Amino acid sequence: MSAAPPAIRRIAHLDMDAFYASVELLRYPQLKGLPVVIGGGRRALDDALRARYAKLPLHEIPVTAFPLLKDYTGRGVITTATYAARQFGVGSAMGMMKAAKLCPQAILLPVDFAQYRHYSQRFKAIITDIAPLMENRGVDEVYIDFTDVPGGQREGGRVLARLIQKAIFDDTGLTCSVGVAPNKLLAKMASEFNKPNGIAIVYESDVETSIWPLACRKINGIGPKADAKLKGHGIETIGQLAAKDLQWLMDTFGQRTGAWMFDAARGRDDRPIVLESEPVSISRETSFERDLHAVRDKAELGAIFTRLCEQLADDLQRKGYVGKTVGIKLKYEDFTAVTRDITIAHHIADSKEIRRVAGLCLKRAPLHKRLRLLGVRMGTLLSAEDAQALNFKQNWPPGHMNTAQAAIDSGANDPLTGQLF
C-alpha cells in the first residue's frame with residue numbers, strides 16, 4: 001500500500017475586525033453602526049459621563065451623552081475607528097484634530113488597554129484549543145498552521161476558518177477575518193480581502209489572478225519609501241513587480257531586499273510558524289496634550305515619568321521578564337527625538353530601580369526644549385526564571401548602580417542636562 005501524499009501547507013492569518021472599537025461596542029452596544037473613534041488616555045470627560053449616569057447600566061447611557069470628536073482639543077492620535085468612521089477617511093495613527101475635520105460627528109472614546117488585553121487572551125485561547133500551532137503577532141492578529149488540523153484541508157481551510165470564527169464570536173461577541181494560503185505572506189494579504197467577518201482562500205495557482213493586480217504596498221514589508229521608489233520606476237502593482245528581473249531588483253534595492261521582493265511578488269514565502277517569540281524590549285511611552293518644559297513643568301513631568309516606570313515594571317513582571325538596559329525616548333516640540341540608554345551590571349524589574357537608572361539616562365539628554373513625548377524602555381531581557389537560576393536578586397542594592405553612574409559622570413554638570421524632573 002502506497003503512503004498517503006503529504007498534506008498541502010495551509011497557513012491562516014486571523015485579524016480581529018476593528019478590535020479596540022469592537023471591544024468598546026461590547027460595553028456600549030448602543031453605539032453600533034455609528035462612527036466611533038478610540039484614542040487618547042482615560043479622560044476626565046469620560047469619567048464624568050460614567051458618574052453622571054452611575055445609576056444606569058453602561059448600555060443604557062444615551063447616545064447623545066457621549067463626547068464628540070468635534071469637541072476634542074489636543075494632539076492625541078486615533079488608535080482605531082469603527083468601519084462607519086473609516087468611511088469618512090478616519091484611520092489609525094491619524095491626529096484627532098485632523099480626524100475631527102473629516103468626521104466631526106464621530107463619538108470619541110478613550111483607550112482601555114487592560115480590557116483589550118483581556119479579550120486578546122480570550123480569543124487566542126480559543127484558537128489554540130482548536131489549532132495549537134499559533135504564532136502571536138500582536139494584540140489582535142495571529143498566524144495559525146492549519147496543515148495537519150482536522151478540517152484544515154477541507155475547502156482549502158475554509159471549514160476550519162469558519163469553525164474558529166464561530167467559536168470566537170460565540171465566546172466573545174467579536175468578529176474576525178481570516179485568510180488561508182500556502183504561506184504567511186499570502187495569508188496576510190488574503191485576510192484583508194473580505195473584511196469584516198470574512199474568509200478568503202488563496203492557492204498557489206491564484207497568485208496571478210488574485211495577487212498580481214494588487215498595489216505593491218499590499219505586500220507586508222513594502223513600506224512608503226520602498227513603494228515611492230517603485231512608483232518612481234513605474235511599478236505600481238505586484239504583477240509589474242513580478243515582471244522585473246532579479247538582477248535589476250538587487251541592483252536597485254540591494255541584494256537582500258531585491259531578492260526578497262523577487263520572491264514576494266511571486267507569492268513565495270517559506271517562513272515557519274513561530275510558536276514562541278521572545279521580545280527584544282518592552283517599553284512604555286506617552287504623548288502630551290501640550291508641550292511640557294523640564295523646569296516649569298517639572299512636577300507634572302516627574303509624575304508622568306514615575307508612572308511610566310511603574311507601568312513598565314508591571315509589564316515586565318506580568319510577562320515574566322527582567323532586563324538590564326534601561327532607555328529613555330524624548331520627542332521635542334520641533335518633532336526631533338533623542339534616545340539614551342544605560343546598561344547596568346544586573347537585571348532588574350523593580351519600578352524604583354528602573355526609575356533610578358532612567359533618571360541617569362535623562363542626565364545625558366538635552367532638556368532645553370519643550371517636550372511632546374516621553375518614553376521608557378527596558379532591553380537586554382531575560383526570563384525571571386533564568387535570572388533566578390543565575391542567583392539574580394530582584395532588589396539589588398544601590399551600590400551596584402556604580403556602573404551606570406560612571407557612565408554619565410562626564411556629562412552630569414552640563415547645564416542643559418542638570419535639571420531633572
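This is a predicted model: local features need pLDDT of at least 70, side-chain atom pairs count only at pLDDT 80 or more; totals for chains, interfaces and linings use all residues.
S6 covers residues 141-145, and with 5 of its 5 residues buried it counts as mostly covered.

What does S6 pair with? Strand S5 (residues 134-136) is one partner, running antiparallel to S6 over 3 bridges. Here Glu135 sits opposite Tyr143 of S6. The two strands make a hairpin with 4 residues between them, and Gly138 in the turn has a positive phi of about 140°. S1 also pairs with S6, again in the antiparallel sense, this time over 5 bridges. Within that pairing, Asp15 has Glu141 in S6 as its bridge partner.

Asp15 and Glu141 turn up again in the second largest pocket. Rolling a probe the size of a water molecule over the atoms is a handy way to show where empty space is left. The second largest pocket has a volume of about 540 Å³. Which residues come closest to its centre? Of the 25 residues in the lining, they are Asp15, Glu141, Lys188, Glu192 and Lys195. Strand S1 (11-16), H1, S3, helix H3 (83-86) and H7 each give two or more residues to this lining. Sorted by class, the lining of the second largest pocket holds 10 nonpolar, 6 polar and 9 charged residues.

Strand S2 (residues 36-39) pairs with S3 in the antiparallel sense over 3 bridges. One of the residue pairs here is Ile38 with its bridge partner Thr80 in S3.

Another open sheet has 4 strands, ordered S9-S12-S10-S11, and its pairing is antiparallel. Which strands form the edges? They are strand S9 (282-292) and strand S11 (337-348), each of which pairs on one side only. The twist in this sheet averages 15° from one strand to the next. Helix H13 (residues 298-319) packs on the sheet by touching S9, S10 and S12, and its direction makes about 160° with that of S9.

Is S10 mostly covered or mostly uncovered? It is mostly covered, as 9 of its 12 residues are buried. S10 runs antiparallel to strand S12 (residues 371-383), and 11 bridges join the two. Among the pairs, Gly323 has Leu381 in S12 as its bridge partner, while Lys331 has Leu373. S10 also pairs with S11, in the antiparallel sense and over 8 bridges. In that pairing, Ile328 stands opposite Arg340 in S11. The hairpin of S10 and S11 has 4 residues between the strands, and Phe335 takes a positive phi near 75° there.

In helix H12 (residues 255-265), the buried residues are Gly258, Met261, Phe262, Ala264 and Ala265. What covers the buried residues of H12? The cover includes helix H7 (184-190), helix H8 (207-211), helix H9 (224-232), helix H10 (238-242) and helix H11 (246-253). H7, then, has a part both in this cover and in the lining of the second largest pocket. After H12 comes Gly267, which has a positive phi near 75°.

Key. Residues are numbered from 1 along each chain as its sequence is written. Side-chain values use heavy atoms; hydrogens and water are left out. Two strands pair if DSSP finds at least two bridges between them. Buried means under 20% relative accessible area, exposed over 50%, partly exposed in between (1.4 Å probe, protein chains only). Contact means heavy atoms within 4.5 Å. On a 1 Å grid over the protein atoms alone, a cavity is a set of points where a 1.4 Å probe fits but cannot get out, and a pocket is an open set with protein on both sides within 12 Å along at least five of seven lines; lining residues have an atom within 4 Å of a point. Grid points are joined across faces, edges and corners, and a volume is the space filled by probe spheres set on the points. Ala, Val, Leu, Ile, Met, Phe, Trp, Tyr, Cys and Pro count as nonpolar, Asp, Glu, Lys and Arg as charged, and the others, Gly among them, as polar. Axes are lines fitted to C-alpha atoms, for helices over the stretch in contact, and angles run from 0 to 180 degrees between N-to-C directions.
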